[in-house]
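Have the sequence and the 3D view open as you read.

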Amino acid sequence: MSAILEEGEAERLLAQAIAGKLPDERGRFGPFGGRYVPETLVPAFERLEAGVREHLHAAEFQDEFRRELRSWVGRPTALTYARQLSERWGAEVWLKREDLAHTGAHKINNAIGQALLAKRLGAKRVIAETGAGQHGVASAAACARVGLPCSVYMGAVDVERQAPNVDRMRRLGAEVVAVTAGDATLRAAIDEALRVWVTDPDGIYYILGSAVGAHPYPYLVRELQSVIGEEAREQMLREAGGLADAAFACVGGGSNAIGLFYPLLADDTELIGVEAGGTGSGLGQNAATLATGTPGVLQGSYTIILQDNDGQVQETHSISAGLDYSGVGPEHALLKSTGRVSYISATDDEALEALEELCETEGILTALETSHAFAAARNWAREHPGKRILIGNSGRGDKDMPTLTKYPAKVRSYAAA
Amino acid sequence: MQPHERITAAINDANDGGRTALVPFITAGYPERNTFADTLELVAQAGDVVEVGIPFSDPMADGMTIQRSSHEALKQGVNLAWIFDEIDRIKDRVDAPLVMMSYLNPLLAFGYDRLAARAAETGVCGFIVPDLPFEESGELRAALENQGVGLIQLVTPASPDDRLEKLGQASRGFVYAVTITGITGGDAGLPGGVDGYLERVARLSPLPVCAGFGIRSAADVENVGRYVSGAIVGSALVEVLENDKDPAAFLATLRGNETPS
């Protein structure tokens with residue numbers, strides 16, 4: 001396997017991606033992707049792939065999915081003009097408000113889609129992993145909605161830093177299992193969910209929460225999340241009077257970014273994914289996978305990962321649990337190597353500053369994950385004055401309150417003035 | 001004889017001697033990095049084929065015991081180059097053919113051609129790669145076969161007959177029959193229906209079949225030995241080692257009432 005594209009290959013693959021021809025029959029986005037799973041799961045993945053092929057684009061499934069998105073998720077989500085932020089930045093800033101979707105983040109688009117699919121495929125129960133807890137909450141809610149029992153695997157570290165979401169999942173009827181193995185964050189939670197799936201590949205449906213893992217997940221999740229970019233594109237044309245010069249989205253596994261970017265690939269919009277720069281550039285201090293990683297196989301897919309010279313996957317650090325992951329979706333690996341999307345990072349501190357600025361200027365408490373996209377967009381706006389910017393506001397920040405208590409809010413007094 | 005044929009021959013020899021072949025598994029460098037070579041030598045005297053586990057950060061097909069051993073070995077700085085060097089050092093004292101069990105990424109990082117060459121040099125005759133299904137295995141298989149080193153296929157109770165047949169044909173050395181639908185180290189014992197499954201695998205496989213996952217006692221070895229050629233013992237042996245007990249004595253108990261030939 002070689003991750004270096006030959007001359008002319010980048011253009012050819014990008015054209016294929018834009019034409020909707022990727023992944024190919026083997027689940028590949030150029031060199032990336034594929035299906036690296038234990039033999040026990042091979043028949044389950046083949047069934048899932050056949051199920052996706054049969055249902056995902058069938059009218060009956062699409063009708064049901066679109067109806068749930070409209071009447072239960074609350075789509076389309078708003079496009080908000082960020083007036084004060086625009087003034088401050090010297091730009092024209094528009095926000096695609098996935099924080100307004102039911103359960104507070106884009107994760108619900110994928111969760112309800114896969115829950116409906118699980119039902120059609122005759123699953124007896126559902127498992128899901130979660131990092132920030134948003135996918136766990138979304139899966140719990142979606143499973144309650146379609147009537148399937150749901151178990152959510154969550155790293156013990158994340159259980160602690162995202163406590164409000166743990167309680168929400170339980171109230172929505174899910175079982176929450178704290179995973180102490182490995183690094184006790186998102187990667188360990190995915191490993192554990194895979195181990196559980198292996199025990200009953202026939203009865204269990206695994207709702208994977210990001211555009212990562214073995215084929216067909218990166219494809220399935222992209223298709224379910226593309227509603228973000230499809231709506232945003234139409235709303236920009238209608239409400240902003242034209243497409244954006246640049247679009248920003250945060251990237252952990254990369255589901256909200258691929259959802260926003262995929263429908264914009266053919267446009268002139270510059271696409272910028274923002275990873276977690278953590279506390280520094282050293283291995284283990286960040287989760288800037290695409291910026292600093294190398295090709296390898298992690299959790300089912302050949303992609304870019306953070307690893308040492310021996311192929312051992314490295315632990316990551318980010319203030320945001322949802323970006324704290326050592327891999328990234330294989331389609332992002334392709335989009336990076338074709339040059340269509342650039343990937344940069346924002347540090348913990350920059351994200352915190354951006355979060356505060358958005359609260360003060362627009363009255364929106366955004367998620368710590370999403371704050372990374374704002375931080376990068378602000379820097380970009382400084383260097384590109386007067387441009388039109390679209391930011392994927394992927395989730396709301398209520399679930400980050402336990403983390404934010406460590407960074408006390410300003411105490412203000414207006415009466416004295 | 002090609003390296004992968006040594007594996008098959010060792011299993012056949014055991015069967016010819018009236019024994020079920022015993023395939024002990026150890027995690028390289030666990031519990032102690034500095035005792036790996038000695039432990040391997042000791043275990044190789046008791047086993048017909050020895051499986052050496054390469055530690056990996058994300059052992060997704062393994063239960064708690066192998067996860068623990070894997071993470072601990074990594075903490076002690078064990079890596080594939082060091083493991084090959086250690087094996088190289090004692091290879092003249094090890095008769096049993098060795099196979100390596102590794103997740104794909106450490107092999108990918110090492111480089112497939114370098115891997116195959118180093119395996120051939122050190123007497124490693126085969127590889128078991130739990131996260132590499134047949135469909136993705138072409139590149140590694142080709143590199144190994146250049147050196148006569150085998151890629152051993154796993155089959156499971158979830159594999160339909162046509163797939164069993166395909167995997168049996170593709171495998172080299174032996175066919176690894178996973179006994180349970182689950183991860184390594186289960187203590188629930190062998191599941192009901194294992195007899196029919198193992199009989200089916202043995203019937204459809206052109207190579208000797210060794211059963212693994214959940215084998216902990218002489219009774220388990222005897223049980224699977226009725227249908228297949230060998231028994232793989234992993235987590236139970238790793239637990240013996242981490243409790244500082246004698247691996248040779250434990251492996252001898254697995255022979256049960258069999259009389260050594």
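How many residues of chain B are in contact with chain A, and how many of chain A with chain B? Counting from each side, 31 residues of chain B touch 30 residues of chain A. Keep in mind that this is a predicted model.

**Where the chains meet**

- On chain B, helix 3 (64-75), helix 5 (104-110) and strand 6 (154-155) each supply at least two residues of the side that touches chain A.
- Helix 5 of chain B gives the most to that side, with 5 residues.
- Sort the residues on the chain B side by class and you get 18 nonpolar, 8 polar and 5 charged.
- Leaving out residues up to four places away in sequence, Met60(B) touches Asp191(A), Leu194(A), Arg195(A) and Gln299(A) from chain A, plus Asp131(B) from chain B.
- Met60(B) counts as buried because 26 other C-beta atoms lie within 10 Å, and the cut-off for buried is 20 or more.
- Along the chain, Met60(B) and Ile183(B) are 123 residues apart, yet their C-alpha atoms are separated by 8.2 Å.

**Helix 8 of chain A**

- Which residues of helix 8 (residues 163-171) of chain A are buried? They are Asn165(A), Val166(A), Arg168(A) and Met169(A).
- If you look down the axis of helix 8 of chain A, those buried residues fall within an arc of 165°, so they line one face of the helix.
- The cover over the buried residues of helix 8 of chain A includes helix 6 (134-146), strand 6 (150-155), helix 7 (156-161) and strand 7 (175-179) of chain A.
- Just after helix 8 of chain A comes Gly173(A), with a positive phi of about 95°.

**Helices that cross**

- In chain A, pick out helix 5 (residues 107-120) and helix 10 (residues 217-225): their axes come within 8 Å and cross at roughly 115°.
- Angles of 65 to 115 degrees count as roughly perpendicular, so that is the label for helix 5 and helix 10 of chain A.
- The crossing of helix 5 and helix 10 of chain A is right-handed.
- Helix 5 of chain A brings Asn109(A), Asn110(A), Gly113(A) and Gln114(A) to this contact, and helix 10 of chain A brings Val221(A), Leu224(A) and Gln225(A).
- By class, the contact of helix 5 with helix 10 of chain A has 2 nonpolar, 5 polar and no charged residues.
- Now switch to chain B, where the axes of helix 6 (residues 112-122) and helix 7 (residues 138-145) come within 8 Å and cross at roughly 35°.
- The crossing of helix 6 and helix 7 of chain B is right-handed.
- Tyr112(B), Asp113(B), Leu115(B) and Ala116(B) in helix 6 of chain B meet Glu139(B), Leu140(B), Ala143(B) and Leu144(B) in helix 7 of chain B.
- The contact of helix 6 with helix 7 of chain B splits into 6 nonpolar, no polar and 2 charged residues.

**Backbone spots worth a click**

- The peptide bond from Arg75(A) to Pro76(A) is cis, with omega near -5°.
- You'll find Pro76(A) in the loop between helix 3 (59-73) and strand 3 (79-81) of chain A.
- His215(A) and Pro216(A) are joined by a cis peptide bond, with omega about 15°.
- Pro216(A) belongs to the loop between strand 8 (204-207) and helix 10 of chain A.
- Ala184(A) isn't a glycine, but it has a positive phi of about 55°.
- Look for Ala184(A) in the loop between strand 7 and helix 9 (186-199) of chain A.
- Ala184(A) has 19 C-beta neighbours inside 10 Å, so it counts as partly exposed.
- Over in chain B, Phe213(B) is a residue other than glycine with a positive phi, near 90°.
- Phe213(B) lies in the loop between strand 8 (209-212) and helix 10 (218-225) of chain B.
- Is Phe213(B) buried or exposed? Phe213(B) is buried, with 26 other C-beta atoms within 10 Å.

**Out at the end of chain A**

- Tyr414(A) is in the segment after helix 17 (401-404) of chain A.
- Tyr414(A) is exposed, because it has 5 other C-beta atoms within 10 Å and the cut-off for exposed is 12 or fewer.
- The C-alpha atoms of Tyr414(A) and Ile4(A) are separated by 58 Å, and the two residues are 410 residues apart along the chain.

Methods
Residues numbered from 1 in each chain as written. Chains lettered and ligands numbered in written order. Predicted model: local features only at pLDDT ≥ 70, side-chain atom pairs only at ≥ 80, totals over all residues. Contact = placed C-beta atoms within 7 Å. Helix = DSSP H or I, 4+ residues; strand = E, 2+ residues; numbered from the N terminus. Nonpolar A, V, L, I, M, F, W, Y, C, P; charged D, E, K, R; others polar. Arc of directions from axis to C-beta. Axes fitted to C-alpha atoms, helices over the stretch in contact; angles between N-to-C directions. Parallel < 35°, antiparallel > 145°, perpendicular 65-115°, else oblique. Left-handed = near helix turned anticlockwise from the far one by under 90°.
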